[in-house]
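User: Hey, I've got a structure to look at and I'm new to this. Can you walk me through it?

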Amino acid sequence: MTLERSAELVSDGYTLLESPRWHNGSLWVSDFFSRRVLRFDVTGDLPLSAATVCVVPGQPSGLGFMPDGQLRISSMITREVLAWNGVTLNVLAGLSAFITGPANDLAIDSTGIMIIGNFGLNPDHPSEALPTSLLRVDPDGAVTVAADDLLFPNGIVIDEGAGKLYVSETYRSRITMFDYDRGALSNRQVWVAFSPDPYQYDIPRVTPRLAMLPDGLCQDAEGALWVADAKGHGASRIADDGTVLEFVNTGDLSVYAVALGGADRAELFLCCAPPVESFNPTNSTRSALMRCRVDVPGV
C-alpha cells in the first residue's frame, strides 16, 4: 500500500523553479525565466525568501557542486556549462557541437565528472523531441558523448556506491538505468516504465497519452528514487523493483524537480508549477517551492 503525504507551501511567485540542490546548509535552485540562481535559508519563518546567487543571461537549469564546492550551472540557451566562483561566471564547456536543444539537468560525481542532459528538440519543429545524447563533461571542460538515443534526458542521479546512473526520459515516460564507472556508461536498461514508448514525440500530442512525465530525481539512503511528475500532482518514492512506496501530494501543482535536504536530509523539497502544457512559464509567476517531512533521509 502506498503511503500518501501532503506538502506545505514554503515560497512562491517564481517563473519555473528547477534543479534543487542541498549544499552547505542551504537549498540552491534555478529559476528559469528570471534567469537567476537562488539560495534559500530554510531555517526561517514562512514564507521563505530567496537570495540571488547570480544571474545567468543564457537561462540557468542544472546545478551541481564540484568536490571543492564550486558551483557548476548549465546555461540552457547558450548550451554551455558555466563555473561560478562566487564572484564571476566563466564558461567551462561549450555543448553546441553535440546537442540541438537547450542544455538541461546535470549531476556531478565525487571526482568532478559531470553528466548532463538536454531537450533534444528538432530545430525545424521545436515542439518535437528527437533522440539525443547524454554528455560527459570532465573537470577540465572536455566534452564527450556518454550515451546516445535518449529522449529528453532530464533528471539524473549518480549512485557511485552501487555503480549506477539513473536518468528520466521524460517523453518516453520512463527512467533508464546504466552501469556507471567514473563517467563511463554501459549496460542500458529500462529501470521503470510508466507508459509504453509512444514512438512519436510531438510534445503537445504525446503529453496527454502518457501516464506520467518523469522529470527531476533524487535518491534516499535506502536506494529508492523520488521522482517528480511534470503533469501529475505530486512526487513518488519508487523502490528498485518499481513499486511506488510513497506519494507526496502537491494539490493543483505538478512537480518538476525534487531534493532531500535540511539538517538531517529528511526534508523533501519540491519545485512545483502548474502541469506542463497548461501554462506559459515565460510570462507567469506561478511556480512555488514546497516541502514535506519524510522518514528516509537523502544520501
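Predicted model: local features only at pLDDT ≥ 70, side-chain atom pairs only at ≥ 80, totals over all residues.

User: Is R72 buried or exposed?

Analyst: R72 counts as buried because its relative accessibility is 8%. Buried means under 20% relative accessible area, exposed over 50%, and partly exposed in between, using a 1.4 Å probe and protein chains only.

User: What is R72 in contact with, leaving aside its neighbours within four places in sequence?

Analyst: Among them are G62, L63, G64, W84 and M114. Contact means heavy atoms within 4.5 Å. The side chain of R72 also has a polar contact of 3.3 Å with the side chain of Q70. For that term, you need a pair of N or O atoms within 3.5 Å; within protein, one must be able to donate a hydrogen and the other to accept it, and residues adjacent in sequence count only if both atoms are side-chain atoms.

User: Which residue stands opposite R72?

Analyst: That's G64. Strand 7 and strand 8 pair in the antiparallel sense over four bridges; strands pair if DSSP finds at least two bridges between them. The two form a hairpin with five residues between them, and G69 in the turn has a positive phi of about 95°.

User: Why is strand 7 largely enclosed?

Analyst: Six of the six residues of strand 7 (residues 60-65) are buried, so the rest of the structure largely encloses it.

User: New topic: how many residues has the largest nonpolar core?

Analyst: It has 18 residues, and those with the most contacts inside it include L16, F152 and I203. A second, separate core of 17 residues includes A7 and C272. A nonpolar core is a set of buried Ala, Val, Leu, Ile, Met, Phe, Trp, Tyr and Cys residues joined through side-chain atoms within 4.5 Å.

User: And what about phi of R182?

Analyst: Phi of R182 is near 50°, a positive value in a residue other than glycine. R182 counts as exposed, at 59% relative accessibility.

Terms used:
Residues numbered from 1 in each chain as written. Heavy atoms only, no water.
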